[in-house]
Amino acid sequence: MMQSLLALKKYFGYDAFRPLQQEIIDDALANRDVFALLPTGGGKSLCFQLPALLRDGVTIVVSPLIALMKDQVDALRTSGIAATFLNSTLAGNEARERLRGLDRNQFRLLYVAPERLMMENFLERALNWNIAQIAIDEAHCISEWGHDFRPEYRELKKLRTHFPDVPIMALTATATERVRDDIIKQLKLRDPCCYFASFNRPNLTYRVVAKSSAYQQVLEFIRARPNESGIVYCASRKSTDALAEKLTKDGIKALPYHAGMEPRERTRNQEAFLRDDARVITATIAFGMGINKPNVRFVIHHDLPKNIEGYYQETGRAGRDGLPSECVLLFSVGDVVKQRRFIEEKSESEQRIAHEQLRTMIAYAETRHCRRATLLQYFGESWPPSVEAGVLPALASGYAADTAATTAPTMERREISCNGCDNCLEPRETFDGTIAAQKFLSCVHRVQAKQGFGFGLNHIVEVLIGGTNDAIKKRGHDQLSTFGIGADLKREQWQKIGRELLRLGLVEAAPGKFATLNVTEAGMMALRRRTPITLTKPIEAPAKKVRIPRAGEIECDEELFERLRGLRRKIADERDVPAYIIFSDATLREMARACPQSKSEFAQIAGVGQQKLKEFAEPFLAEIGEHLRSGSAMASSSRTF
């Protein structure tokens, strides 16, 4: 232990270890396999860097992002540690020189991407090196249930065959129990010593805000914190660029970061942010993994994340120095629609997982319970420890695809405030939702009783509001006693009620894309006994000045709306007519809200007649499709690093 402390002070300048670091280092030095789950900012890197200094040989570090290897190696070299990296950014002669250095045992640490490490000729050469340990950083990437699954990581399971006597350390900051088990299985860890630090980040405050005028909300938030640095995560490359440009014009030094940029520009922007030359970085999910900037005071999610794991990891980039920091998520139903469009472009097996993850993310955004406790419960940790198990309606964890939904108790108990989230600091308003809940539960039950199987949330809502689509008529659901009994509420309100009843455990959803609903035993009991049920009012958008309603207030994807306006202007100029002759703003906003993908869907948009369908469907559908694909490409872009 004394040797470790001396090295800690000598190379890293610290007098004491963070929680679990000493134990992990001791096991690593004893040549044991290790699995370590430490939160962002918990000191994962030290767990393999320090042992590398205390024994002979080289430690191979598998890192998924080429762009960050140089930063890690530069930091180590600055600390006097012999480290190097091998990736595609190196010239051939430079790579060969580093390989010769490895042959001569000149390095203590080698950073390498998984695809290079697993090349046959590379593995054969590595057999000649004195490999002390293999450390796999961001190990959740190996699991298809992980939030950032990368196919190239799957090949790492062959490491045990190639290096049977070399101990392996797997590290991650974000993993559910299912992902942890999958990591251990895929890497064939032998009786690993497992360490799980608390996921709680007490210095972070979590808030979810209804998205109204997104740019203005972001601008006002940043302006209110004039000396603070932060990250704004966006769902597409284009919105990342546009947001950085707007912020800069409004006097805030901001730079973009995404996988579509030239590598040099991306690296330059990242370095400017790390050096505080830029106060704000607007980024896709390609940014952040491995970033060690300690003074990120806020993280804003401009768009809805795909899953809880990604959201947790991204918010974890705030406040790494332990000082108070803020995490804000802008939430709208429009973002949910867009995410589902992206999911439908995936393979069937990927869709099943992605839909489960998205439903869990929506549940977090809409919950009225403590967000800190809800996050921790997702990862299998109770908060505070004294709270009796089952008090909170739990979010489905990584096991959700097998268990469908939780069956949390409907009787609620007093929660302990975390004093660090919007729901604890400013509790959401509730209302007596007994009648609405009874209507919904009854509709689910009667539809299933008639057909012998369940239907999805959207179908149930259509029956409640008296919808007349073909699916309802074909199955005779317009003859049910519950048909149209919910016409007093809007479609979006019923969808929100349905999701809350899922969280309360009164309804459960089958896994997969369609997520058919079924009334649980608790739900049937509440239905029969007419149990009072308290529901939550939706998150309200910031108060606005009273003014005459206009078409522009239709909630939609603002970025897509601007693209459609540009296309409309182009067509109008070609025809030498005013833009509104082509389509009104109201029609464009409906397009930007519904995102039609076919001519039949396009025809359903108000303002699209047969002639306009014939003349304009093709270019407008192409523009919408390109917009959606640009966001989808971003979602998979980080796999290319």
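Predicted model: local features only at pLDDT ≥ 70, side-chain atom pairs only at ≥ 80, totals over all residues.

Q: How many bridges join E2 to E4?

A: Four, with strand E2 (residues 58–62) and strand E4 (residues 109–112) running parallel.

Q: And what packs on the sheet there?

A: Helix H3 (residues 46–53) does, touching E2, E4, strand E5 (131–136) and strand E6 (168–172). The direction of H3 makes about 140° with that of E4. Helix H5 (residues 92–103) packs on the sheet as well, where it touches E2, E3 and E4. For H5, the angle is about 130°, taken against the direction of E3.

Q: Zooming out, what's the strand order in the open sheet?

A: E3-E4-E2-E5-E6-E1-E7, so seven strands, with parallel pairing.

Q: Which strands stand at the edges, and why is one side of each left without a neighbour?

A: Strand E3 (83–86) and strand E7 (193–196).

Q: What's the average twist?

A: From one strand to the next, the twist averages 15°.

Q: OK, switching to E1. Are its faces covered or open?

A: Both are covered. Strand E1 (residues 34–37) has Val-34 and Ala-36 on one side, Phe-35 and Leu-37 on the other, and all of these are buried.

Q: What does E1 pair with?

A: E6, for one: four bridges join them, and the two run parallel. Leu-37 stands opposite Thr-172 in E6. E1 also pairs with E7 over four bridges, again in the parallel sense. There, Val-34 has Cys-193 of E7 as its bridge partner.

Q: Whole-protein numbers now. How many helices and strands?

A: The protein has 29 helices and 17 strands.

Q: And how much of it is buried?

A: Buried residues account for 56% of the 641 residues.

Q: Last one: what does the accessible surface come to?

A: About 28,500 Å², and 50% of that belongs to carbon and sulfur atoms.

Note on methods:
Residues numbered from 1 in each chain as written. Heavy atoms only, no water. Axes fitted to C-alpha atoms, helices over the stretch in contact; angles between N-to-C directions. Contact = heavy atoms within 4.5 Å. Buried < 20%, exposed > 50% of the residue type's maximum accessible area, 1.4 Å probe, protein only. Areas by Shrake-Rupley, 256 points an atom, 1.4 Å probe, with all protein chains shown as cover.
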